[in-house]
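Subject: Structure for you to look at

Hello,

Here is the structure I said I would pass on. Please open it first; my notes on what was found follow below.

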Amino acid sequence: MNSYKTTIPIEQPTLSKIDFFLVFWLICISGNPLFGELGGKYIYLGTTIGAAAISVYYAKPLYSLKLIMFILASVVLFLLQSTILTSFSVLANANFIARLYSGFLITSFLGYKFRYAYMKVIFFVSVVSLVFWLINAFVDFPGIEIGQYRSIVVFNYILKTDIYSFTGRRNSGMFWEPGAFQGFIMLVPIMYIGQIRELLRQFRKECIILFLALLSTMSTTGYVVFAVLVLLVIVKNIQNVFFKFVLAFSMAAIFMWAYNTLDFLGEKVEKQYDDALELGRGEVSWSRMGALQIDLENVKRHPIIGNGFLQDSRYGILGDKMRGAGNGFTGALNSMGIPFIIFYFFLLFKNAPAVTRYESMIVPIIILLLLNGEAFLNHPLFWSLIFVKYPDLSSSELYDDICAEIQTDGDILVAN
């Protein structure tokens, strides 16, 4: 049974223009600063209305039991916050529901095709980003200026002075910073965690480009999370204990070398740690570790229901000073409380595209590590992961049924 599960070819459905558009749009509203600037605080509500209209036109699902359950849990949480907290925002709460629902509508529209469409869109974004990143290493090119960014929609860069340095121009793709780009890249192997070997075999070109794009971000979080993912996969897939030990030791040695050699790994982490230790009460920190310390101090005030989305409710006197800063994981705990975030990670585990429980556990572990780098839960995509439909690899019969379902939806499967 296990040999079938791990060697089954990955489905390659035909994607329509509307499929590509919806996935590209979801990615854009989840991380492209240009879309956030143009759409403002109503972009998620507008997306929800548009996606619902498209779903009605194509007779796609508008709700599911899991969606209703999660929205009800959100509403109960918001009611408790409105009763206990001194300040809360109805608009911010409604905006969260809109983020949640828009992500559901888009993932539900594509169904089993979503992960394949996502990989293809991120592959396209990565190719474009590598080309413009190389150009941008030597010259500034024109675009739409938004604060510190200059954007050409599918690529943006942060304006700096050291334009002749590759290290001075890390690859942000079309996202708000390189650390965000790596998170969108890392979702690809997560969506294929139960078929990693087949992913590497069938989509070698895509994997190489995604790996190069990941390297070009020079992201501390990205490198660490990728190393952890590789190590976890190695431990699971190699049966020979000796080779498993050798490869695990080699990965650890390579990581230690990189940590001690690359300034954006070792030196950066150690500096943030030292700064966090010296952080006094009432002081602000924009580093990941400093923000983690500030978040955890505030989580203690309302660990069960959180402190809501308003800055002054979350951080008290620090208020707007913490805007734009923060640790994505502890920031979510601060806003929504520990039980709600545990519920989210439980649903990630249950919905993981995995063959074994071990692989299912990898998904929430990697997502947790990614959230420690960026506030991905401020946007729809990472919430929508709990709604993505994956093929059931538990038996060949079930997988064939899913293939048939995709075919009846107008798709043709092409196996390499």
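Two residues count as being in contact when they have heavy atoms within 4.5 Å of each other. Please keep in mind that this is a predicted model.

First, the protein chain as a whole. Its secondary structure comes to 20 helices and three strands. Of its 416 residues, 52% are buried. Among contacts between residues at least 6 apart in sequence, 72% join residues at least 24 apart. The accessible surface is about 19,100 Å², with 68% of it belonging to carbon and sulfur atoms.

H4 has 15 residues, 43-57, and at 1.5 Å a residue it should span 21 Å; the end C-alpha atoms are 21 Å apart, so the two values agree. The buried residues in H4 are Ile43, Tyr44, Thr47, Thr48, Ala51, Ala52 and Ser55. These cover an arc of only 160 degrees around the axis, which means that they lie on the same side of H4. An α-helix has 3.6 residues a turn, so residues three or four places apart point the same way.

The buried residues of H4 pack against helices H2 (17-29), H3 (33-39), H6 (90-110) and H19 (380-384). Exposed Ile49, Val56 and Tyr57 are on the face turned away from that buried side.

Just after H4, Ala59 has a positive phi of about 60 degrees. Tyr63 is in the loop between H4 and helix H5 (65-84), and counts as exposed because its relative accessibility is 59%, where the cut-off is over 50%. Together with Val56, Leu62, Ile68 and Leu72, Tyr63 makes a nonpolar surface patch of about 500 Å².

Regards

Terms used
Residues are numbered from 1 along each chain as its sequence is written. This is a predicted model: local features need pLDDT of at least 70, side-chain atom pairs count only at pLDDT 80 or more; totals for chains, interfaces and linings use all residues. Side-chain values use heavy atoms; hydrogens and water are left out. Helices (H or I, at least four residues) and strands (E, at least two) are DSSP runs, numbered from the N terminus. The expected span of a helix is 1.5 Å times one less than its number of residues. Buried means under 20% relative accessible area, exposed over 50%, partly exposed in between (1.4 Å probe, protein chains only). The arc is that of the directions from the helix axis to the C-beta atoms. Patches are made of residues with over 30% relative accessible area and no salt bridge: like charges are joined within 9 Å, nonpolar side chains (Val, Leu, Ile, Met, Phe, Trp, Tyr) within 5 Å. Accessible areas come from the Shrake-Rupley method with a 1.4 Å probe; for residues, only the protein chains shown count as cover. A salt bridge is a side-chain nitrogen of Lys or Arg within 4 Å of a carboxyl oxygen of Asp or Glu.
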